[in-house]
Amino acid sequence: MAKQLQTLGEFIIENQQAFPYSSGELSRLINSIRLAAKVVNHEVNKAGLVDITGPAGATNVQGEDQQKLDVYAHEKFIQTLTNREIVCGIASEENDDFITIKGSHGDHQNKYVVLMDPLDGSSNIDVNVSVGTIFSVYRRVTPLGTPVQLEDFLQPGHQQVAAGYIVYGTSTMLVYTTGCGVNGFTLNPALGSWYLSHPNMRYPEDGRIYSVNEGNYIHFPQGIKDYIKYCQEEEEDRPYTSRYIGSLVSDFHRNMIKGGIYMYPPSSKAPNGKLRLLYECNPMAFIAEQAGGKASDGKRRVMDIEPTELHQRVPFYCGSKNMVDKVEEFLARY
Ligand code: AHG
Ligand code: MN
Ligand code: MN
């Protein structure tokens, strides 16, 4: 008889001891994320129906305004995380400032902060292409019992205690790490349960896929232009294949499974690139490294960058280790 797949709930209980500071709070945090992910998944899946059932800006049956999906996802994750006594603050790509959570006793006793991109790749929603959610978890650095401060959020990526993403794709998956490897769970929508479908995910050391928005080519640094030409040359295992979805989560997910590199270089239009260090790059970097891959800003390890502001952007090269090394080599020539 085929082996019964482990559910995420079972996996969390079994692995609780392996969590850093295993007080059970981090387990509860992951639990609330899996719940919010199901709710958002349900909404993402019926996105096309909004245009049929009523124009955006209309009100739904509860009399609430119908919202854009990224705002909806933002609110669902905030709600779910706020209702449990785990998180003392949340920063989201959808909010200018961070949110302080006092806890139900009003005494600021919760120890974790969460940073997130509630809906990644939102321009793909209208055209039925995969989108995602990215999250990143740190322990607060300011004393328990006081309101969270900006410095609790501005920690370098190597301080993360957990990070993950949800990809709302042909199937919906939750992929996360607590620093002991990367595991992927697939949602069975009929039962509403997540199953461990991708245990111990590993980034292939080499890859043959490059993912970059080549429309920006003429604005890229010369090292990146040269690297793209290198990918296209007729040599040994090259040319490589170009694949770009335009949702970081989906591009990353494919490259981690098949081997490849994702790049968002700086350009003359956007000197720091486009992706956000705290909501996108650090969590993806943590997952990449935990799976044996690499993430760089072209010179430095992404997770060693000292953040200076919440919505900071950095150039991002992430994927199979040997491919990211190669990019750094090309950039170092100039
Ligand atoms: P978001 O939808 O959260 O704003 O993120 C979009 C990001 C990322 O997911 C994607 O890879 C990139 O922006 C695409 O940017 P371009 O359209 O400039 O290529
Ligand atoms: Mn994004
Ligand atoms: Mn987003």
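Analyst: Let us begin with burial (buried is under 20% relative accessible area, exposed over 50%, partly exposed in between, with a 1.4 Å probe and protein chains only): Y262 has 4% relative accessibility, so this residue counts as buried, whereas Y244, at 30%, counts as partly exposed. This is a predicted model, in which local features need pLDDT of at least 70 and side-chain atom pairs pLDDT 80 or more, while totals for chains, interfaces and linings use all residues. Residues are numbered from 1 along each chain as written, chains are lettered from A and ligands numbered from 1 in written order, and side-chain values use heavy atoms, without hydrogens or water.

User: How many aromatic pairs are found in the whole structure?

Analyst: Rings of Phe, Tyr and Trp (its six-membered ring) pair if their centres lie within 6.5 Å, with planes under 30 degrees apart stacked, over 60 edge-to-face and the rest tilted. The search finds eleven pairs, among them F11 and F185, which are edge-to-face at 5.1 Å centre to centre and 70° between the planes. F11 belongs to helix α1 and F185 to strand β7, 174 residues apart (DSSP runs numbered from the N terminus: helices H or I, at least four residues; strands E, at least two), and both F11 and F185 are buried. Y244 and Y262 are stacked, because their centres are 6.2 Å apart and their planes at 25°.

User: Which residues do ring pairs link into a cluster?

Analyst: The cluster joins Y227, Y230, Y240 and F330. The charged end of R238 sits over the ring of Y230, 3.7 Å from its centre (NZ of Lys or CZ of Arg within 6 Å of the ring centre and within 35 degrees of the ring normal), and R333 lies over the face of F330, 4.2 Å from the ring centre.
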